[in-house]
Amino acid sequence: MKKLRILKDTNPSLRKKSVEVKLPLSQEDKDTLLAMNEWLRLSQDDEYAEKHNMKAGVGMAAPQVGVNKRMFVIYFQNNDGTYTNYILVNPRIIEQSAKMAALNGGEGCLSVDNPHQGLVHRHNKIKLVAYNLLSDKEETITAEGYEAIVLQHEYDHLDGILFYDRIDPFQPNNPKPGEKII
């Protein structure tokens with residue numbers, strides 16, 4: 001497995017806009033994406049993560065490992081025991097709901113060590129188009145709630161935006177009218 005080093009939010013490269021990825025994927029891009037996916041999977045294994053001093057993650061964008069290309073990986077277990085797993089390249093959000101949503105305890109990030117308290121306001125439902133390495137084709141993904149929040153968090157990384165940029169500095173814990181708190 002390719003060795004990954006996760007950049008911290010103090011690294012200026014995390015604030016850069018990422019470039020489109022040339023398709024078909026190069027072997028180097030595939031290797032990077034597969035390593036990111038494996039890193040996320042292993043980070044959720046408590047024993048492995050503790051042994052290797054890993055913070056558990058559910059998503060990782062290429063800029064977080066020093067690759068400023070428009071690609072990211074999502075891997076998490078759903079309440080029913082199934083997994084949501086995407087390895088996405090050149091994603092584009094093509095629709096988003098007016099209704100907003102936020103995680104009750106706020107968001108975290110593998111690149112951010114210091115806590116940032118407050119609600120991160122995101123769209124409750126989105127439709128996204130991207131090439132998915134897992135299926136080897138372009139897909140349209142409709143996501144709602146937690147899944148939509150995770151996708152938007154990683155998508156933001158591609159534009160140099162960190163989750164705490166979206167916290168209202170004056171009213172960090174106030175939900176928007178009608179916002180769904182998850």
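Predicted model: local features only at pLDDT ≥ 70, side-chain atom pairs only at ≥ 80, totals over all residues.

1. Does Asp136 count as buried or exposed? Asp136 counts as exposed because its relative accessibility is 55%; buried means under 20% relative accessible area, exposed over 50%, and partly exposed in between, with a 1.4 Å probe and protein chains only. The residue is placed in the loop between β6 and β7.

2. Residues are numbered from 1 along each chain as its sequence is written, and side-chain values use heavy atoms, with hydrogens and water left out.

3. Strand β6 covers residues 125-132, and six of its eight residues are buried. (Helices, H or I of at least four residues, and strands, E of at least two, are DSSP runs numbered from the N terminus.) With strand β7 (residues 137-144), β6 pairs in the antiparallel sense over eight bridges; two strands pair if DSSP finds at least two bridges between them. Val129 has Thr140 of β7 as its bridge partner. Four residues lie between the strands of this hairpin.

4. Strand β3 (residues 83-96) also pairs with β6 in the antiparallel sense, over six bridges. Here Val89 stands opposite Tyr131 of β6.

5. Thr84 also belongs to strand β3. Thr84 counts as buried because its relative accessibility is 9%. Its side chain makes a polar contact with the side chain of Asn78 at 3.1 Å (a pair of N or O atoms within 3.5 Å; within protein, one must be able to donate a hydrogen and the other to accept it, and residues adjacent in sequence count only if both atoms are side-chain atoms). Leaving aside neighbours within four places in sequence, Thr84 is in contact (heavy atoms within 4.5 Å) with Ile74, Tyr75, Phe76, Asn78 and Glu147.

6. An open sheet of three strands has the order β5-β4-β8, with mixed pairing. Strands β5 (122-123) and β8 (180-181) stand at the edges with a single partner strand each, so one side of each has no neighbour in the sheet. Strand β4 (residues 100-102) runs parallel to β8 and is joined to it by two bridges. Ala102 has Ile181 of β8 as its bridge partner.

7. Two backbone details deserve attention. Leu23 and Pro24 are joined by a cis peptide bond, with omega about 0°, and Pro24 lies in the segment before α1 (27-43). Asn53, in the loop between α2 (46-51) and β1 (59-61), has a positive phi near 50°. Asn53 counts as exposed because its relative accessibility is 73%.

8. Which residues lie nearest the centre of the largest pocket? They are Lys3, Leu4, Trp39, His52 and Met54, among 16 lining residues. A pocket is an open set of points on a 1 Å grid over the protein atoms alone, where a 1.4 Å probe fits, with protein on both sides within 12 Å along at least five of seven lines; lining residues have an atom within 4 Å of a point. About 360 Å³ of space lies in the largest pocket, the volume being the space filled by probe spheres set on the points.
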